[in-house]
Amino acid sequence: TNKGVSHFDGKQWKTYTSDDGLSYNIVDALAIAPDGTLWVGTGGFGVSRFDGNTWTTFGTDSGVADGIVNSITVAPDGTVWIGTGSGASRFDGNKWETFTTAEGLARNTIETIAVTPNGAVWFGFGSDRGGFGETGGGATRLDGGEFPTYTAQDGLADDRVNSISVGPDGAIWFGTGYGGSC
């Protein structure tokens, strides 16, 4: 949306915009932390955190990889992960750390991120912004400091990974440009 973020409490709607403290009105990603904090990824000015009263914004000057945020996920321990066109950034509650191809990611354009119950982080690489550049890259897993990457050659349906979800049984599902993989 380009009109902020809306909340429905079961009875009424409330919309928050940059006038309320949201960093930017184009919203591309949302996630809710275990403590109820809302994380909002914007299409130009990083990520905003809303605790129910106050908005706090984190941009590239705070250590976020890029102002355009494609995806957000929050791990069970509260660690926030965001995917951008310039890598992934992790917020531990105090500081941001960025991961790129230099650290082991297959690509810097991250479409989706998922965290497993044991803390492994999966990154899916879709198409570059606008879909006109390099596509694909498969999925990379960060687990114990290693970054193995899996592609169609390993069994993924396609190298363009648009979504990742972890099932209650621990199975990891990958939505791709040409179907799903598990």
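## Nonpolar cores

Of the 14 residues in the largest nonpolar core, those touching the most other members are Trp39, Val47, Phe58, Ile72, Val80, Ile82 and Trp96. A nonpolar core here is a set of buried Ala, Val, Leu, Ile, Met, Phe, Trp, Tyr and Cys residues joined through side-chain atoms within 4.5 Å; buried means under 20% relative accessible area, exposed over 50%, and partly exposed in between, with a 1.4 Å probe and protein chains only. Two or more residues of this core come from each of strand 3 (27-32), strand 7 and strand 8 (80-84). Strand 7 gives the largest share, three residues. A second, separate core of 13 residues includes Trp81, Ile110, Ile113 and Phe125.

The model is predicted: local features need pLDDT of at least 70 and side-chain atom pairs count only at pLDDT 80 or more, while totals for chains, interfaces and linings use all residues. Residues are numbered from 1 along each chain as its sequence is written, and side-chain values use heavy atoms, with hydrogens and water left out.

Strands (E, at least two residues) and helices (H or I, at least four) are DSSP runs numbered from the N terminus, and two strands pair if DSSP finds at least two bridges between them.

Strand 5 (residues 47-50) pairs with strand 6 in the antiparallel sense over four bridges. Within strand 6, threonine 56 stands opposite arginine 49.

## Sheet 7-8-9-10

Another open sheet of four strands, also with antiparallel pairing, has the order 7-8-9-10. Its edge strands, strand 7 (69-74) and strand 10 (96-99), each pair on one side only. Neighbouring strands of this sheet are turned by 20 degrees against each other on average, direction ignored. In a regular strand, side chains alternate between the two faces of the sheet.

Although strand 7 is an edge strand, five of its six residues are buried, so strand 7 is largely enclosed by the rest of the structure. Strand 7 pairs with strand 8 in the antiparallel sense over five bridges, and threonine 73 stands opposite tryptophan 81 in strand 8. The hairpin of these two strands has five residues between them, and glycine 78 there takes a positive phi near 95 degrees. At the other end of the strand order, strand 9 (residues 87-91) and strand 10 pair in the antiparallel sense over four bridges. Serine 89 has threonine 98 in strand 10 as its bridge partner.

## Aromatic pairs and a charge over a ring

The structure holds 16 aromatic pairs. Rings of Phe, Tyr and Trp (its six-membered ring) pair if their centres lie within 6.5 Å; planes under 30 degrees apart count as stacked, over 60 as edge-to-face and the rest as tilted. Tryptophan 39 and phenylalanine 58 form a stacked pair, because their ring centres are 5.9 Å apart and their planes are at 20 degrees. This pair links distant parts of the chain: tryptophan 39 is in strand 4 (residues 38-42) and phenylalanine 58 in strand 6 (residues 55-58), 19 residues apart. Both tryptophan 39 and phenylalanine 58 are buried. Trp39, Phe58, Phe91 and Trp96 form one aromatic cluster.

Lysine 14 lies over the face of tyrosine 16, at 5.0 Å from the ring centre. A charge sits over a ring if NZ of Lys or CZ of Arg is within 6 Å of the ring centre and within 35 degrees of the ring normal.

## Individual residues

Isoleucine 82 touches Val64, Val69, Ser71, Ile72, Gly87, Ala88, Ser89, Trp96 and Ile113, not counting residues up to four places away in sequence; contact means heavy atoms within 4.5 Å. Isoleucine 113 is placed in strand 11 (residues 112-115) and, at 6% relative accessibility, counts as buried. Its contacts, leaving aside neighbours within four places in sequence, are Ser71, Thr73, Trp81, Ile82, Gly83, Val121, Trp122 and Phe123.

Threonine 151 lies in the loop between strand 14 (149-150) and strand 15 (161-166). Threonine 151 counts as buried because its relative accessibility is 19%. Leaving aside neighbours within four places in sequence, threonine 151 is in contact with Gly137, Gly138, Leu156 and Asp159.

Key. Axes are lines fitted to C-alpha atoms, for helices over the stretch in contact, and angles run from 0 to 180 degrees between N-to-C directions.
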